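Me: I've just opened this one and I'd like to learn how to read it. Can you walk me through it?

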Amino acid sequence: MRRLLLVTAAASLAAIGVASSQDATLSFFVTSVGSGKGADLGGLAGADAHCASLAEAAGVTGKTWHAYLSTSDTDARDRIGTGPWFNAKGVKIADDVASLHSDANAITKQTALNEKGEVVNGRGDKPNRHDVLTGSKPDGTKIADQTCGDWTRSGAEGAAMTGHHDRTGLDDSAAAKSWNSSHASRGGCSQEALRSTGGDGLFYCFAVN
């Protein structure tokens, strides 16, 4: 009996160790709102601050947040820490950077929730908000001239690469189903231009610690 108790205690401690090594609290979300100025997010610093503000308003403190955005000299994949990342419901999105940028990630309309744990409108909803700003290729590296002036433009000039958080589009192509690299904005970087193709200036936020 004593040996059984010792084995049980050891198993319990091991389980606690695993749980503590994977913090399943919020570490990934789609912003519930954008900057309100199209793709002008105030650069990376402004976008990161927006992520932090939304997370704190949702009751998540003590974490450092970075926006999943590439610029002319920065790759989005290098900004987001090492993972794993979980949504507001505790669902694991990906274990690490490699799995996030592979078919192993768990990003869908049902899991790419905002910081409040709400589903974000996708294709078929009104309004459609599935175009998420990234400025990135499928592997998370930058795309030249598709970052709206490194997230400082809100006019008719420039373009931003977007992904579909709901993994759906006009067809069954890989691009249409891409969460981070589906198509560029059309008509510029303004709020109106982003909305015209099914977006609203939203972006992904990841906790880096």
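This is a predicted model: local features need pLDDT of at least 70, side-chain atom pairs count only at pLDDT 80 or more; totals for chains, interfaces and linings use all residues.

Me: What average pLDDT does the protein have?

Reply: pLDDT is the predictor's confidence in each residue, from 0 to 100. The protein averages 91, and 89% of the residues score at least 70. Residues 1–21 are a stretch to treat with care: their pLDDT is below 50, and beyond near neighbours in sequence they have 0 contacts (heavy atoms within 4.5 Å) in the model.

Me: What percentage of the residues count as buried?

Reply: Buried means under 20% relative accessible area, exposed over 50%, and partly exposed in between, with a 1.4 Å probe and protein chains only. Of the 209 residues here, 48% are buried. As for contacts with a separation of 6 or more, 68% of them join residues 24 or more positions apart.

Me: How many cavities does a search of the whole structure find?

Reply: Rolling a probe the size of a water molecule over the atoms shows where empty space is left. On a 1 Å grid over the protein atoms alone, a cavity is a set of points where a 1.4 Å probe fits but cannot get out, and a pocket is an open set with protein on both sides within 12 Å along at least five of seven lines; lining residues have an atom within 4 Å of a point. The search finds 1 cavity of 30 Å³ or more. Its lining includes Asp131, Leu133, Thr162 and Leu194. The strand β8 (199–207) is one of the contributors with at least two lining residues, as is β5 (131–133), and β8 gives the most, with 3 residues.

Me: And the largest pocket: what is its volume?

Reply: The largest pocket has a volume of about 210 Å³. Of the 14 residues lining this pocket, His130, His164, Gly169, Leu170 and His183 are the closest to its centre.

Note on methods:
Residues are numbered from 1 along each chain as its sequence is written. Side-chain values use heavy atoms; hydrogens and water are left out. Grid points are joined across faces, edges and corners, and a volume is the space filled by probe spheres set on the points. Helices (H or I, at least four residues) and strands (E, at least two) are DSSP runs, numbered from the N terminus.
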